[in-house]
Amino acid sequence: MQKAKILLVDDRPENLLALEAILSALDQTLVRAASGEEALKALLTDDFAVILLDVQMPGMDGFETAAHIKRRERTRDIPIIFLTAINHGPHHTFRGYAAGAVDYISKPFDPWVLRAKVSVFVDLYAKNCQLREQAALLRLQLETGDGEAAAHGALLGELSARLAAVEEQAEALGKQLDGVEDAGVSATAAHLERRLVALRRALDAMRPGSPGSPGAPGAPGGPGPS
């Protein structure tokens, strides 16, 4: 499995170094950006599992950078975790969530907590990549007619089982978070749930006979309405 990329955005080299030290245990690819402009350039060519974005930066600050990220179709779904050295109260925090962040963490932060939150998005990104690859293979098989129906059903069953395992982990995580009054944690859990629901719908749509699946009535290559 290819390593996920994590984008670290901060204008202070010492902060980037500290983030790298905290996240190195995840064994993923850490990409530095010293400004909002550098971050946007990196996002033009690479896919990232999550973005850690400093709020206070000269020139384009974190809020403006996040706004640009969320306007681009290619990057709008990448989770953003805001990091800030100043806490101006609820209004400042709300502005972070309004800009599209899934979490808003004030410095100094607990390294273990930050690493755990980033790990959730790295795991989700890996599952998404794996499911997309398997779904693409399945679509190819269905469209070209290769293999028997039993083989297609077996592959669909395997994909469904893999997704069910992720859904079970997400449900267990949700139970652990019950009663935790943390807006950032709640936003993270909600984002995870939305992505899993979308993946389940996409998988169900590929089942033979479902609307939009190859060979279904009205679908490309399928029988038209009688």
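Guide: Let's start with Y125, which touches A4, D47, F48 and A49 once residues up to four places away in sequence are set aside (contact means heavy atoms within 4.5 Å). Keep in mind that this is a predicted model, where local features need pLDDT of at least 70 and side-chain atom pairs need 80 or more, while totals for chains, interfaces and linings use all residues. Numbering runs from 1 along each chain as its sequence is written, and side-chain values use heavy atoms, leaving out hydrogens and water.

Y125 itself sits in helix α5, residues 111–144 (helices are DSSP runs of H or I, at least four residues, numbered from the N terminus).

Now for helix against helix: α2 (residues 36–45) packs on α3 (residues 62–71) at about 20 degrees, axes 9 Å apart (axes are lines fitted to C-alpha atoms over the stretch in contact, with angles from 0 to 180 degrees between N-to-C directions). The two are therefore roughly parallel, a label for angles under 35 degrees. On the α2 side, G36, A39, L40 and L43 meet T65, H68 and I69 of α3.

Last stop, α1 (residues 13–23): L16, L19, I22 and L23 are buried there (under 20% relative accessible area, 1.4 Å probe, protein chains only). They share one side of α1 because they cover an arc of only 125 degrees around the axis, taken from the directions to the C-beta atoms. L17 and A21, on the other side, are exposed, so over 50% by that scale.

Conventions
Parallel < 35°, antiparallel > 145°, perpendicular 65-115°, else oblique.
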